[in-house]
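Here is a short briefing on one protein chain. Look through the sequence and the model first, then read the points grouped by topic.

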Amino acid sequence: MLVPVNQLVYNPRMGDPVPVQGPARRGRRTEILEAAAVLFAQRGFHGVAIDDIGRAIGVSGPALYRHFRGKEAVLAQMLLDISERLRSEGERRVAAAEGPEQALAALIDGHIAFALGRPALITVHDRELGNVPEPERRQIRRLQRRYVEQWVAVLSRLRPEAGEARLRAAVHAALGLLNSTPHSAGGLPGEEMRAMLAAMARAALLAG
(Lines give C-alpha, C1' and ligand atoms only; values in the text may rest on other atoms or scores of the structure.)
Protein backbone atom coordinates (compact mmCIF):
# COMPACT_ATOMS: atom_id res chain seq x y z
CA MET A 1 0.00 0.00 0.00
CA LEU A 2 1.34 3.44 -0.92
CA VAL A 3 1.86 5.94 1.88
CA PRO A 4 0.95 9.53 0.83
CA VAL A 5 4.11 11.46 0.14
CA ASN A 6 3.29 14.08 2.76
CA GLN A 7 3.63 11.22 5.26
CA LEU A 8 7.14 10.23 4.07
CA VAL A 9 10.55 11.39 5.17
CA TYR A 10 13.93 10.33 3.87
CA ASN A 11 16.04 8.49 6.42
CA PRO A 12 19.65 8.71 5.17
CA ARG A 13 20.72 5.78 7.35
CA MET A 14 18.00 3.47 6.06
CA GLY A 15 17.99 4.68 2.45
CA ASP A 16 14.22 4.34 2.09
CA PRO A 17 11.19 6.56 2.62
CA VAL A 18 9.85 6.08 6.14
CA PRO A 19 6.20 6.77 7.04
CA VAL A 20 5.62 9.47 9.68
CA GLN A 21 2.69 11.55 10.80
CA GLY A 22 2.10 14.51 8.50
CA PRO A 23 -0.38 17.27 7.69
CA ALA A 24 -3.39 16.94 5.43
CA ARG A 25 -2.70 16.37 1.77
CA ARG A 26 -1.36 19.48 0.03
CA GLY A 27 -1.54 20.65 -3.53
CA ARG A 28 -0.52 18.22 -6.22
CA ARG A 29 2.60 20.16 -7.23
CA THR A 30 3.84 20.11 -3.64
CA GLU A 31 3.19 16.37 -3.44
CA ILE A 32 5.16 15.81 -6.63
CA LEU A 33 8.11 17.87 -5.39
CA GLU A 34 8.19 16.13 -2.00
CA ALA A 35 7.94 12.66 -3.54
CA ALA A 36 10.68 13.49 -6.03
CA ALA A 37 12.97 14.81 -3.27
CA VAL A 38 12.69 11.53 -1.36
CA LEU A 39 13.25 9.43 -4.48
CA PHE A 40 16.14 11.54 -5.85
CA ALA A 41 17.86 11.36 -2.45
CA GLN A 42 17.31 7.63 -2.25
CA ARG A 43 18.21 6.58 -5.80
CA GLY A 44 19.85 9.57 -7.47
CA PHE A 45 18.32 11.73 -10.19
CA HIS A 46 19.18 9.33 -13.01
CA GLY A 47 17.82 6.37 -11.07
CA VAL A 48 14.29 7.79 -10.90
CA ALA A 49 11.74 7.83 -13.72
CA ILE A 50 8.65 9.98 -14.03
CA ASP A 51 6.58 6.83 -13.50
CA ASP A 52 8.33 6.28 -10.14
CA ILE A 53 7.34 9.75 -8.95
CA GLY A 54 3.78 9.21 -10.13
CA ARG A 55 3.51 5.90 -8.29
CA ALA A 56 4.76 7.55 -5.07
CA ILE A 57 1.71 9.84 -5.04
CA GLY A 58 -0.75 7.35 -6.51
CA VAL A 59 -1.07 8.66 -10.08
CA SER A 60 0.29 7.64 -13.46
CA GLY A 61 3.61 9.06 -14.61
CA PRO A 62 2.11 10.93 -17.58
CA ALA A 63 -0.27 12.74 -15.20
CA LEU A 64 2.75 14.63 -13.86
CA TYR A 65 3.18 16.37 -17.21
CA ARG A 66 0.14 18.49 -16.37
CA HIS A 67 2.30 20.15 -13.71
CA PHE A 68 5.89 19.88 -14.96
CA ARG A 69 7.54 19.59 -18.37
CA GLY A 70 9.66 16.70 -17.21
CA LYS A 71 11.99 15.34 -14.56
CA GLU A 72 14.53 18.16 -15.00
CA ALA A 73 11.77 20.72 -14.39
CA VAL A 74 10.77 18.90 -11.18
CA LEU A 75 14.36 19.03 -9.93
CA ALA A 76 14.77 22.68 -10.88
CA GLN A 77 11.55 23.76 -9.17
CA MET A 78 12.42 21.75 -6.07
CA LEU A 79 15.76 23.52 -5.62
CA LEU A 80 14.38 26.92 -6.60
CA ASP A 81 11.60 26.58 -4.02
CA ILE A 82 13.91 25.71 -1.13
CA SER A 83 16.45 28.37 -2.10
CA GLU A 84 13.74 31.04 -2.14
CA ARG A 85 12.27 29.74 1.11
CA LEU A 86 15.63 29.95 2.88
CA ARG A 87 16.21 33.47 1.53
CA SER A 88 12.80 34.78 2.51
CA GLU A 89 12.81 33.09 5.92
CA GLY A 90 16.29 34.44 6.60
CA GLU A 91 15.11 37.94 5.69
CA ARG A 92 12.12 37.60 7.99
CA ARG A 93 14.22 36.38 10.91
CA VAL A 94 16.77 39.16 10.58
CA ALA A 95 14.06 41.81 10.35
CA ALA A 96 12.35 40.49 13.49
CA ALA A 97 15.55 40.36 15.58
CA GLU A 98 16.31 43.06 18.14
CA GLY A 99 20.01 43.16 17.29
CA PRO A 100 22.81 41.29 15.52
CA GLU A 101 23.27 38.71 18.30
CA GLN A 102 19.61 37.76 18.11
CA ALA A 103 19.68 37.86 14.31
CA LEU A 104 22.61 35.46 14.16
CA ALA A 105 20.94 33.08 16.61
CA ALA A 106 17.73 33.21 14.56
CA LEU A 107 19.57 32.48 11.31
CA ILE A 108 21.39 29.55 12.89
CA ASP A 109 18.19 28.14 14.41
CA GLY A 110 16.33 28.50 11.13
CA HIS A 111 18.97 26.70 9.12
CA ILE A 112 19.24 23.92 11.69
CA ALA A 113 15.47 23.41 11.51
CA PHE A 114 15.77 23.11 7.72
CA ALA A 115 18.79 20.80 7.85
CA LEU A 116 17.25 18.42 10.37
CA GLY A 117 13.75 18.59 8.92
CA ARG A 118 14.53 18.29 5.19
CA PRO A 119 17.64 16.11 4.82
CA ALA A 120 16.49 14.77 1.46
CA LEU A 121 16.62 18.27 -0.05
CA ILE A 122 20.17 18.77 1.19
CA THR A 123 21.22 15.44 -0.28
CA VAL A 124 19.58 16.27 -3.61
CA HIS A 125 21.16 19.72 -3.78
CA ASP A 126 24.62 18.37 -2.98
CA ARG A 127 24.43 15.66 -5.61
CA GLU A 128 22.12 16.89 -8.32
CA LEU A 129 22.49 20.65 -8.85
CA GLY A 130 24.52 19.90 -11.97
CA ASN A 131 21.46 18.25 -13.53
CA VAL A 132 19.38 21.43 -13.27
CA PRO A 133 19.09 23.31 -16.60
CA GLU A 134 21.47 26.27 -16.75
CA PRO A 135 18.92 29.14 -16.57
CA GLU A 136 17.35 27.74 -13.39
CA ARG A 137 20.75 26.85 -11.97
CA ARG A 138 21.77 30.50 -12.26
CA GLN A 139 18.62 31.54 -10.41
CA ILE A 140 19.31 29.02 -7.65
CA ARG A 141 22.87 30.27 -7.27
CA ARG A 142 21.63 33.88 -7.17
CA LEU A 143 19.15 33.09 -4.38
CA GLN A 144 21.81 31.22 -2.45
CA ARG A 145 24.23 34.13 -2.73
CA ARG A 146 21.56 36.48 -1.37
CA TYR A 147 20.98 34.10 1.54
CA VAL A 148 24.70 33.97 2.32
CA GLU A 149 24.91 37.78 2.16
CA GLN A 150 22.20 38.02 4.82
CA TRP A 151 24.50 36.09 7.15
CA VAL A 152 27.52 38.16 6.14
CA ALA A 153 25.67 41.42 6.85
CA VAL A 154 24.70 40.25 10.34
CA LEU A 155 28.15 38.89 11.05
CA SER A 156 29.83 42.13 9.95
CA ARG A 157 27.97 43.94 12.75
CA LEU A 158 29.38 41.49 15.28
CA ARG A 159 32.87 41.35 13.80
CA PRO A 160 33.44 44.76 12.19
CA GLU A 161 37.21 44.21 12.25
CA ALA A 162 36.98 41.22 9.89
CA GLY A 163 36.90 41.68 6.13
CA GLU A 164 33.88 40.58 4.12
CA ALA A 165 35.86 37.87 2.34
CA ARG A 166 36.77 36.28 5.68
CA LEU A 167 33.21 36.54 6.96
CA ARG A 168 31.85 35.05 3.75
CA ALA A 169 34.26 32.13 4.05
CA ALA A 170 33.13 31.62 7.65
CA VAL A 171 29.46 31.58 6.58
CA HIS A 172 30.12 29.00 3.86
CA ALA A 173 32.03 26.85 6.36
CA ALA A 174 29.24 27.06 8.95
CA LEU A 175 26.54 26.24 6.39
CA GLY A 176 28.63 23.31 5.19
CA LEU A 177 28.76 22.06 8.76
CA LEU A 178 25.00 22.38 9.22
CA ASN A 179 24.30 20.79 5.84
CA SER A 180 26.31 17.70 6.79
CA THR A 181 23.52 16.57 9.10
CA PRO A 182 21.93 14.06 6.66
CA HIS A 183 25.07 12.00 7.31
CA SER A 184 25.42 12.61 11.04
CA ALA A 185 22.09 13.40 12.70
CA GLY A 186 20.94 9.86 13.48
CA GLY A 187 22.98 9.29 16.62
CA LEU A 188 21.61 11.97 18.98
CA PRO A 189 18.18 13.04 20.23
CA GLY A 190 16.79 15.99 18.29
CA GLU A 191 17.18 18.71 20.91
CA GLU A 192 20.69 17.58 21.81
CA MET A 193 21.65 17.63 18.13
CA ARG A 194 20.14 21.10 17.69
CA ALA A 195 22.06 22.49 20.66
CA MET A 196 25.33 20.95 19.52
CA LEU A 197 24.95 22.25 15.97
CA ALA A 198 24.04 25.74 17.17
CA ALA A 199 27.11 25.90 19.41
CA MET A 200 29.40 24.60 16.67
CA ALA A 201 28.01 26.97 14.03
CA ARG A 202 28.31 29.98 16.33
CA ALA A 203 31.87 29.04 17.23
CA ALA A 204 32.79 28.68 13.55
CA LEU A 205 31.21 31.98 12.61
CA LEU A 206 32.81 33.97 15.42
CA ALA A 207 36.21 32.30 15.38
CA GLY A 208 39.02 34.82 15.34
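The largest nonpolar core of this predicted model has 56 residues, and F40, I53, V74, M78, W151, V171 and L205 touch the most other members. A nonpolar core is a set of buried Ala, Val, Leu, Ile, Met, Phe, Trp, Tyr and Cys residues joined through side-chain atoms within 4.5 Å. Buried means under 20% relative accessible area, exposed means over 50%, and partly exposed lies in between (1.4 Å probe, protein chains only). In soluble globular proteins, nonpolar side chains tend to be buried together.

**How the model is read**
- Residues are numbered from 1 along each chain as its sequence is written, and side-chain values use heavy atoms, leaving out hydrogens and water.
- As this is a predicted model, local features need pLDDT of at least 70 and side-chain atom pairs count only at pLDDT 80 or more, while totals for chains, interfaces and linings use all residues.

- The protein has eight helices and two strands, where helices (H or I, at least four residues) and strands (E, at least two) are DSSP runs numbered from the N terminus.
- Along the sequence the pattern is β-β-α-α-α-α-α-α-α-α.
- Of the 208 residues in the protein, 41% are buried.
- Among contacts with a separation of 6 or more, 67% are between residues 24 or more positions apart; contact means heavy atoms within 4.5 Å.

**Aromatic pairs**
- The whole structure holds two aromatic pairs; rings of Phe, Tyr and Trp (its six-membered ring) pair if their centres lie within 6.5 Å, and planes under 30 degrees apart count as stacked, over 60 as edge-to-face and the rest as tilted.
- The ring centres of F40 and F45 are 5.2 Å apart and the planes are at 65°, so this pair is edge-to-face.
- Both F40 and F45 are buried.
- For Y147 and W151, the ring centres are 6.0 Å apart and the planes are at 80°, so this pair is edge-to-face.
- Y147 and W151 are separated by about one helical turn because they are four residues apart in helix 6 (residues 134-158).
- Y147 and W151 are buried.
- The charged end of K71 sits over the ring of F45, 4.4 Å from its centre; this requires NZ of Lys or CZ of Arg within 6 Å of the ring centre and within 35 degrees of the ring normal.

**H111**
- H111 is found in helix 4 (residues 100-117) and is buried, with a relative accessible area of 3%.
- The side chains of H111 and N179 make a polar contact at 2.7 Å; a polar contact is a pair of N or O atoms within 3.5 Å, and within protein one must be able to donate a hydrogen and the other to accept it, with residues adjacent in sequence counting only if both atoms are side-chain atoms.
- Not counting residues up to four places away in sequence, H111 touches L86, Y147, W151, L175, L178 and N179.

**R166 and L205**
- R166 lies in helix 7 (residues 164-178) and is partly exposed, with a relative accessible area of 48%.
- R166 and L205 are 39 residues apart in sequence and 9.9 Å apart in space, C-alpha to C-alpha.
- Leaving aside neighbours within four places in sequence, L205 is in contact with residues including L104, I108, W151 and V171.
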